[in-house]
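The sequence and structure are shown first.

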Amino acid sequence: MEQTVKLSTRKKPFRPFKRRTPYLFLAPFMIFFLVFMVYPIVYALVISFSKWQGGSFQFAGLFQYSQLFQDSIFWQSLVNVLIVLVIQVPIMLILASIFAALLNSKRLKFKSIFQLGFFLPLLIDSVAYSLTFSFIFAENGLVNDLLGLVGIHPINWLLNPFWAKIAIIVAITWHWTGYNIVILLGGLQSIPDEIYEAAKMDGAGSFRQWFSITLPMLRPLLILESVLSIIGTIQLFTEPFVITGGGPGNSTLSPVLYLYQVGFQQFNFSYASAIAYALAIIIAVFSFLQFRLTRGGGRDA
Amino acid sequence: MRSRRLIGDILLYVVVIIGFIASIYPVYWMFVAGTQNNQQIFGKLPYLWFGSSLLQNYKELMLNSGINIYQAILNSLIISLSSTILAVISASMAGYAFAKYHFKLSKTMFQIILGALMIPPQVTLIPLFILVSHLGLVNTYWAIILPATISIFGVYLMRQTFYSFPAELLEAARIDGLKEGGIFWRIVIPLSRPTLSALGIITFLASWTNLLWPLVILNDSSSYTIPVALSTLMGTQTQPNYGMIMLGASIATVPMLILFLALRRNFISGIMSGYNR
């Protein structure tokens with residue numbers, strides 16, 4: 001990248017362009033950006049420091065944030081997504097790296113058909129697949145019938161605080177594993193064959209090769225995937241909205257679903273904006289950790 | 001040695017096939033359940049083959065569901081296509097400015113734009129709702145299209161792409177007397193088609209599956225996008241017809257499947273583009 005930067009800066013344009021040219025190129029994006037992004041971001045901050053009184057927003061300092069700090073429902077929604085991501089992200093990434101390695105195997109035939117199958121969940125709209133999973137996990141639905149075959153009593157998935165989270169974890173994992181497989185397959189194809197051949201000469205079996213070559217080579221991608229998955233899970237909305245409605249008893253309520261309820265069912269805009277900014281801070285912390293983590297990964301690699 | 005290899009091969013196929021079935025079965029079930037009635041859907045293991053209620057489910061979907069699924073597909077297509085085109089054009093123009101021109105504050109501006117990427121989209125939800133209501137755009141296509149035209153990732157991606165665009169080519173075009181705009185539209189854009197289509201695909205996917213913002217700003221069923229329309233299906237009846245809901249979900253899935261089959265390569269490269277940093 002650095003080389004190309006130098007290339008483009010070293011050679012000055014043959015005929016200097018008009019001064020306004022770059023601004024004309026920037027204008028369409030910047031207008032949308034300022035009106036529909038910068039202004040809302042600033043306005044949300046202003047609202048979050050205010051209170052709706054007598055038909056207008058009145059400055060209220062940290063009132064909303066101190067409310068939020070004491071709001072057990074908000075904390076519960078945070079804990080809910082933390083539980084989901086602590087279980088879901090590792091399972092998904094382990095599954096993705098196993099299947100990516102298998103799909104990349106030279107001994108596997110019909111690769112493109114298999115890859116197509118693993119890719120399919122990604123093409124199903126979030127609401128459509130959430131509806132499907134809410135029926136599959138119904139009390140007399142598919143999952144319980146299958147469990148019945150091996151003699152396990154039916155589980156009331158969506159009405160039990162613990163199993164409802166599991167149902168959501170299964171649904172998210174189903175939807176996103178294929179996406180991560182695609183990314184990892186791209187990474188695998190960039191590992192030179194010679195490394196594997198050398199390992200084979202040294203007598204390393206498939207599992208050994210996977211642990212000692214594949215996994216370390218995929219590490220940067222896996223870190224990036226885990227961070228994006230964590231950020232995505234913190235912003236969870238569609239699955240709990242459709243599958244459980246946040247229930248039972250707020251056990252699958254996510255912060256964004258809570259924001260939606262506060263903002264557009266109770267129409268408390270100030271409080272909803274405070275929730276949004278709290279979420280932004282949490283996500284910023286995770287992004288910062290990612291930055292540190294990837295820097296650390298670069299050092300010892 | 002040979003038998004060990006055989007066992008390994010069998011294991012490989014068994015694991016891959018299990019994952020394959022787990023991936024496609026829920027989709028298959030969705031289509032199958034669209035042809036069944038409630039007794040068939042929740043009976044004992046009837047999940048393998050098509051039922052007998054397709055026509056009845058379809059009739060109910062058309063007449064009693066409270067939504068028009070084809071209108072929703074049309075709305076989604078118009079909204080996603082328009083916002084994708086606008087996003088790709090504006091992002092590539094901005095990316096080009098940052099990559100190929102030197103101007104005042106260019107670094108600062110780029111950093112501010114990238115900084116906004118750190119803010120989760122939910123932050124803008126309430127102010128956008130107020131803004132769009134004031135503009136009188138509730139229940140219109142524009143309400144969804146306008147905010148979706150901002151692709152910060154697109155600006156970043158196109159800037160990276162245009163950096164490596166050969167400066168010699170631009171200079172040659174200038175010598176030939178082409179204006180800056182002409183260079184961009186006639187030379188740079190046509191030669192960057194692979195990246196543009198990758199960006200187009202991910203922008204389209206994001207717009208197609210977006211639920212929260214359309215849910216907030218659309219309250220008239222004729223303006224619903226697919227995700228919003230589907231999300232209302234559960235609530236419309238006291239005794240839901242699950243087959244009808246799955247039929248609606250199946251019909252809504254078809255356009256994306258067709259699009260994928262037509263543009264398979266671009267899909268993959270679109271998804272990968274986010275990771276090649």
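How many salt bridges are counted between domain 1 of chain A and domain 2 of chain A? The count is zero, where a salt bridge is a side-chain nitrogen of Lys or Arg within 4 Å of a carboxyl oxygen of Asp or Glu.

## Basis of the values

The model is predicted: local features need pLDDT of at least 70, side-chain atom pairs count only at pLDDT 80 or more, and totals for chains, interfaces and linings use all residues. Residues are numbered from 1 along each chain as its sequence is written, chains are lettered from A and ligands numbered from 1 in the order in which they are written, and side-chain values use heavy atoms, with hydrogens and water left out.

## Domains of chain A

Chain A is assigned domain 1 (16-65) and domain 2 (71-300); such bounds come from an automatic or database domain assignment. Taken over C-alpha atoms, the centres of the two domains of chain A are separated by 33 Å. Contact (heavy atoms within 4.5 Å) links 11 residues of domain 1 with six residues of domain 2.

Together these domains bury about 700 Å², 66% of it on carbon and sulfur atoms; buried area is the accessible area (1.4 Å probe) that two parts lose on being put together, summed over both. Of the area that domain 1 buries against domain 2, A:Ile47, A:Gln64 and A:Tyr65 supply 55%, more than any other three residues.

## Interface of chains A and B

Contacts join 95 residues of chain B to 94 residues of chain A. The two chains bury about 9,000 Å² between them, with 81% of this area on carbon and sulfur atoms.

Across this interface the rule finds one salt bridge, in which the side chains of B:Asp9 and A:Arg107 meet at 2.8 Å, N to O. Helix H1 (residues 2-33) of chain B gives the largest share of the side of chain B that touches chain A, 18 residues; helices (H or I, at least four residues) are DSSP runs, numbered from the N terminus.

## A:Ile195

Helix H9 (residues 193-201) of chain A contains A:Ile195. With a relative accessible area of 32%, A:Ile195 is partly exposed, a class lying between buried (under 20%) and exposed (over 50%), with a 1.4 Å probe and protein chains only.

Not counting residues up to four places away in sequence, A:Ile195 touches A:Ile213 and A:Met217. A:Leu221 is 26 residues from A:Ile195 in sequence and 19 Å from A:Ile195 in space, C-alpha to C-alpha.

Technical notes. Helices (H or I, at least four residues) and strands (E, at least two) are DSSP runs, numbered from the N terminus.
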